[in-house]
Amino acid sequence: MERFKKIYQQGTISMVEIWVDTETGVNYVFHRDGNAAGFTVLLDQGGKPVVTK
């Protein structure tokens with residue numbers, strides 16, 4: 001079983017993806033624009049991590 005599963009993708013050159021950690025349920029956002037990219041925890045309005053059960 002793979003640890004991370006992609007559940008959402010938008011764009012091609014400037015891309016946003018949402019990934020879920022299959023062990024913890026924590027959601028992450030990946031953003032790529034050209035050669036730059038970042039991967040971070042997805043937070044709700046209260047600043048807490050979004051968790052998929």
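I looked up phenylalanine 39 and noted it as partly exposed, because its relative accessibility is 47% (buried is under 20% relative accessible area, exposed over 50%, partly exposed in between, with a 1.4 Å probe and protein chains only). For Phe, Tyr and Trp (its six-membered ring), rings pair if their centres lie within 6.5 Å; planes under 30 degrees apart are stacked, over 60 edge-to-face, the rest tilted. This pair links distant parts of the chain, with tyrosine 28 in strand 3 (residues 27-33) and phenylalanine 39 in strand 4, 11 residues apart. Strands are DSSP runs of E with at least two residues, numbered from the N terminus.

The model is predicted: local features need pLDDT of at least 70, side-chain atom pairs count only at pLDDT 80 or more, and totals for chains, interfaces and linings use all residues. Residues are numbered from 1 along each chain as its sequence is written, and side-chain values use heavy atoms, leaving out hydrogens and water.

I then checked tyrosine 28 itself, which is buried at a relative accessible area of 17%.

I found 4 aromatic pairs in the structure. One of them joins phenylalanine 4 and phenylalanine 39 edge-to-face, at 6.2 Å centre to centre and 80° between the planes. Phenylalanine 4 is in strand 1 and phenylalanine 39 in strand 4, so this pair ties together parts 35 residues apart in sequence. I recorded one aromatic cluster formed by Phe4, Tyr28, Phe30 and Phe39.

Last, I looked up valine 41, which is in strand 4 (residues 36-41).

Conventions. Helix = DSSP H or I, 4+ residues; strand = E, 2+ residues; numbered from the N terminus.
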